[in-house]
Each structure stands twice: as C-alpha cells, then as structure tokens.
Amino acid sequence: MKPKSKSRNYRVAVIGGDGTGPEVIAEALKVLDAASRKDGFKLDLAHFDYGGERYLKTGKVLTDKEVTDLKKFDAILLGAVGHPDVKPGILEKGLLLKVRFDLEQYINLRPVKLYPGVWTPLRDKGPEDIDFIVVRENNEGLYVGEGRFLNKGKKNEIALQVSRNTRKGVERCVRYAFELTRRRNKRKKLTLCAKTNVLTYAHDLWWRVFNEVAGEYKDIRTDYAHVDATCMWMVKNPEWFDVIVTDNMFGDIITDLGAMIQGGMGIAAGGNLNPEGVSMFEPIGGSAPKYTGKNVINPLAAICAGGMMLEHLGETASAAGIEKAVMDVTATKLKSLAAGKMGYGTSRSWAPPAPSARRC
Ligand code: IPM
Ligand code: MN
C-alpha cells in the first residue's frame with residue numbers, strides 16, 4: 001500500500017521466531033522467491049534470531065536499538081512467538097507486542113476467508129459465505145498493560161486492568177476500516193463489534209467515533225453487533241459480514257473464532273499495519289513447539305502472510321497470484337484438511353500427519 005522504496009526492491013526483516021515459526025517461514029520464503037522472480041521485483045532479506053532460544057542464551061528479548069533497526073525495513077515477516085521454557089508473557093510482551101506498539105502498527109488486519117476445498121466446521125457454509133475481514137485495533141485497549149494489584153496475595157485482593165482507548169487511536173482505526181470497506185468494494189458494509197451495553201465508557205467512545213466517521217462514508221452501510229452476538233453470527237450467518245472493526249481484546253478473541261471457521265490456524269494469516277510506517281506480517285497460529293521439525297504444520301498461513309506483505313508493499317498482482325496459487329492447491333490437492341486435521345506439512349515430501357496430531 002505504502003512502499004518506502006520507489007524501486008521494486010524491498011528490504012524485509014525475517015524473524016522466524018520460536019517453535020514451528022522458522023519452518024513455516026522457510027516455506028513462505030520459497031514462495032516469495034518464486035513470486036519475485038516471476039513478477040520482477042526484489043526482496044532483500046535480513047534474518048534475525050529473536051525469540052525464545054536467544055532469550056534463554058542471552059537474557060535479551062528485543063532491545064530498543066533492535067526495534068530502531070527494524071524501522072529501517074520495508075516490512076517484517078514473523079513466524080511465531082512462544083517457547084515452552086520461557087515464562088508466558090515474556091516473549092509475547094517483549095517481542096510481539098513490543099514491535100506492534102513501538103512501530104505503531106495500529107491495525108491488526110485479519111482476513112477470514114474460506115478457500116475452496118478447505119474444511120470448515122460450519123456444516124452448511126461454503127467459500128461464498130465465509131469471506132470477511134476483521135480490523136482489530138492493535139495498540140490500545142486492555143493490551144496497554146496498565147493496571148495494578150491492591151492487597152496482593154490477601155483475601156481482599158483486587159486486580160485492576162485498564163482498557164485505554166484514545167479518540168486518536170479509535171478514530172484512526174475506524175477510519176482505516178471505512179477506507180478498507182470502500183476499497184474492498186464487496187458488500188460495502190462495516191460492522192462495529194463492541195459491548196456498548198456494559199463498557200459504557202470505552203465503547204461509548206467507540207460508538208460515537210464510529211458514527212461520526214460514518215458520516216463521511218455515505219456509500220458504506222454501517223452495522224453494530226455486541227461482541228457476544230458477533231460470535232453467534234460468525235457461526236450462524238458469517239455471510240452477513242464484510243468488514244468488522246473492533247478493539248484489541250475483542251479482536252483477539254473473535255479472530256481465533258474466525259480462524260476456525262476458515263479452516264483452522266494453519267491457514268489464518270494477519271498483518272500488523274502501520275499504514276505510514278513499517279508493518280509486520282505473520283501466520284496467526286502460534287509456535288506449536290511440540291511439533292517443531294515434524295513436518296506437520298501447515299505452511300499456508302505463513303505463505304498467505306507473505307502474500308499480504310506483497311499486497312502491502314504494492315505488489316498487488318503478485319499478491320493476487322499467491323492467493324490464487326493457494327486456492328488452486330486447496331481446491332485440488334487437499335482432502336486432508338478435512339475434519340480439522342492439519343493437512344499439509346512443511347517440506348515437499350508431504351506425508352499424512354499422524355492421526356493424533358493436533359494443532360495447539
Ligand atoms: C495474537 C496472539 C497475541 C495477542 C499473543 C501471543 C500476545 O494471541 O496475535 O492474536 O494476544 O495478540
Ligand atoms: Mn490471539
């Protein structure tokens with residue numbers, strides 16, 4: 001969308017990360033390499049070993065200097081974050097959330113699209129019904145880490161966790177969602193997902209900003225659903241959705257549900273966007289450490305993340321080519337995503353996964 005390079009030469013920081021992250025990214029890089037040769041652009045890759053292993057060796061997760069260095073790239077491709085020997089939260093906050101926050105990647109864009117041939121747990125729904133996109137606010141809400149304990153450890157303990165919502169943060173997110181709905185040019189419908197009946201401060205702000213901005217987009221139909229109802233409609237009538245805009249926490253939750261109805265974590269990709277800066281693309285499935293090196297993790301999510309990266313860099317034809325190739329594969333080469341099994345592996349000599357294999 002907003003390439004830094006005027007030339008078609010893009011500098012990409014690659015962070016394989018933890019667990020199965022590096023192996024799915026390796027497959028994505030093969031696809032990106034083929035796409036760049038076919039479509040005549042160039043990717044200069046710089047690999048970084050950030051993640052659990054490095055943290056265990058050095059005690060460093062991601063320093064401020066390293067974040068500053070990441071700002072020099074045109075985009076970042078990330079595998080996964082999460083290591084069984086590192087206390088939960090350290091890598092997630094110190095790496096993934098730090099990049100999202102410090103690089104002001106204020107949009108988390110998560111398409112929910114069922115590709116042909118991919119199994120969905122929704123019995124009566126097909127690719128024509130499941131094709132929407134979630135715009136998740138990515139820099140605020142409950143994720144700011146603001147809060148405190150009162151009387152910690154005592155019987156009368158209280159834990160506070162603040163959801164911080166600024167007009168600026170909400171407005172830029174909502175505005176992005178309206179623009180995207182227009183650009184997508186599908187059903188031209190934008191749904192605000194919130195909980196205005198309970199979160200009478202935070203989501204009152206969302207509601208007011210949403211309706212104010214809506215006034216500038218007369219061509220877009222607006223809709224509202226409480227988050228609980230959104231979950232219900234995503235299962236019962238996913239075809240009602242075109243674009244959903246929501247806050248950070250709700251976006252986290254509904255996009256896991258979204259990933260499931262589009263065939264599972266093995267196929268779900270997302271982008272952490274700073275439309276004016278450096279964006280980061282990732283498969284959203286996590287590091288699945290116990291499957292590392294076992295060739296059972298579906299690399300399509302990472303491949304799709306690579307496609308989203310190209311789209312963002314302005315290589316739209318190439319991005320469309322990748323998506324088409326993925327759809328050809330799912331439509332013709334795959335029975336094995338059926339019934340929730342993982343299906344593809346990460347090397348060319350694919351073998352069916354053991355029946356016990358499950359994505360976690
Ligand atoms: C995601 C993940 C992260 C989040 C975790 C790993 C911090 O669940 O990308 O959705 O909550 O945003
Ligand atoms: Mn999540």
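Modeller: In this predicted model, a polar side-chain atom of Tyr143 lies 2.6 Å from an oxygen atom of ligand 1.

Biologist: What makes this pair of Tyr143 and ligand 1 a polar contact?

Modeller: A polar contact is a pair of N or O atoms within 3.5 Å; the value for Tyr143 is 2.6 Å, so the pair qualifies. Arg110 has a polar side-chain atom 2.8 Å from an oxygen atom of ligand 1, and for an N or O atom in the side chain of Asp252 the value is 2.9 Å.

Biologist: Which residues surround ligand 1?

Modeller: They are Glu92, Leu96, Arg100, Arg110, Arg136, Tyr143 and Asp252, where near means a heavy atom within 4 Å. Helix H4 (residues 90-102) gives the most to this shell, three residues; a helix is a DSSP run of H or I with at least four residues, numbered from the N terminus.

Biologist: Why are helices H7 and H8 called roughly parallel?

Modeller: The axes of H7 (residues 227-236) and H8 (residues 248-261) come within 10 Å and cross at roughly 10 degrees. Angles under 35 degrees count as roughly parallel, on a scale from 0 to 180 degrees between N-to-C directions of lines fitted to C-alpha atoms; therefore H7 is roughly parallel to H8.

Methods
Residues numbered from 1 in each chain as written. Chains lettered and ligands numbered in written order. Predicted model: local features only at pLDDT ≥ 70, side-chain atom pairs only at ≥ 80, totals over all residues. Heavy atoms only, no water. Helix = DSSP H or I, 4+ residues; strand = E, 2+ residues; numbered from the N terminus. Parallel < 35°, antiparallel > 145°, perpendicular 65-115°, else oblique. Polar contact = N/O pair within 3.5 Å; in protein donor to acceptor, adjacent residues only side chain to side chain.
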